[in-house]
Amino acid sequence: MKVSREQVALNRERIVETAARLFREKGYDGIGVADLMKSAGLTHGGFYGHFDSKEDLLAEAAAHALKKSVERWEGYLSAGPDAALEKIYDGYLNEQHRDHPELGCAVTALGPDVARLGSKARHAMTEGARSQMAILEQLMPGADAAERRKQALANYAAMVGAIVLSRAVDDEALSLEVLEAVKAALPG
């Protein structure tokens, strides 16, 4: 039975949504194509009708997840710089984000995996991170664009590092201390 173009598009969207969640939860090597397709409610055989490789899917899934994050951050801009920064910091540097990578930032969940992959995945991550940093740059205090950019890059790196470190340590008190220390140290 032939599938309509609309259904093909919906299936692809479902695969990308599922992959965005599962790759962030389990890592690139933690989920295979067969299990990913099963989770999307589709057969393994249909995968290659949509993607050339698992890595191509990761690139699209990471881009999708980061786009959603950027859209959320853009929604905060209308509240003004201080309120927007507070929403970004509070939404990023918390236990929920730490404990649920499948719902969080693709950079913190997949950064080390993507660093070992090819150009498509790295480009998707670059563009998503660049977009997040651009929003932070709009919100930074500073005398000029160069100063605001430098501050945005430092804040973004601190946020990403805080989540990665808070997930890596086995001491709950230290994990929370890292998140709170970075949140308190971020200017804005």
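Asn155 is buried, because its relative accessible area is 2%; buried means under 20% relative accessible area, exposed over 50% and partly exposed in between, with a 1.4 Å probe and protein chains only. This is a predicted model: local features need pLDDT of at least 70, side-chain atom pairs count only at pLDDT 80 or more, and totals for chains, interfaces and linings use all residues. Residues are numbered from 1 along each chain as its sequence is written, and side-chain values use heavy atoms, with hydrogens and water left out. The protein has ten helices and zero strands.

**Overall fold**

- Along the sequence, the pattern reads α-α-α-α-α-α-α-α-α-α. Helices (H or I, at least four residues) and strands (E, at least two) are DSSP runs, numbered from the N terminus.
- Along the principal axes, the C-alpha atoms fill a box of roughly 60 × 35 × 30 Å.
- Of the contacts with a separation of 6 or more, 67% join residues 24 or more positions apart. Contact means heavy atoms within 4.5 Å.

**Surface and charge**

- Buried residues make up 40% of the 188 residues.
- The protein exposes about 10100 Å², and carbon and sulfur atoms supply 52% of it. Accessible areas come from the Shrake-Rupley method with a 1.4 Å probe; for residues, only the protein chains shown count as cover.
- There are 23 positive and 28 negative charges, and their mean positions are 7 Å apart. Lys and Arg count as positive and Asp and Glu as negative, while His and the chain ends are not counted. Each charge is placed at NZ of Lys, CZ of Arg, CG of Asp or CD of Glu.

**Regions from the UniProt record**

- UniProt, in an unreviewed entry, places "domain: HTH tetR-type" at residues 9-69. UniProt positions are given in the numbering used here, feature names are shortened, and annotations may be inferred rather than shown by experiment.
- Residues 9-69 are 74% helix and 0% strand in the model. The end C-alpha atoms of this stretch are 22 Å apart.
- The unreviewed entry in UniProt also lists a "DNA-binding region" at residues 32-51.
- Residues 32-51 are 55% helix and 0% strand, with end C-alpha atoms 14 Å apart.
- Gly46 sits in the loop between helix 2 (33-39) and helix 3 (47-50). Gly46 counts as partly exposed, at 28% relative accessibility.
- Gly46 and Glu127 are 81 residues apart in sequence. Their C-alpha atoms are 28 Å apart in space.

**Helix 9**

- Asn155 lies in helix 9. Leaving out residues up to four places away in sequence, Asn155 touches Tyr89, Met140, Leu186 and Pro187.
- From Asn155 to Ser4 is 151 residues along the chain, and their C-alpha atoms are separated by 46 Å.
- Ala158 is also in helix 9, which spans residues 145-168. Ala158 counts as partly exposed, at 26% relative accessibility.
- Ala158 touches Val182 and Leu186, again leaving out residues up to four places away in sequence.
- Ala158 and Ala83 are 75 residues apart along the chain, with C-alpha atoms separated by 19 Å.

**Helix 5**

- Gly91 is found in helix 5 (residues 81-92). Its relative accessible area is 47%, so Gly91 is partly exposed.
- Gly91 and Thr126 are 35 residues apart in sequence and 21 Å apart in space, C-alpha to C-alpha.
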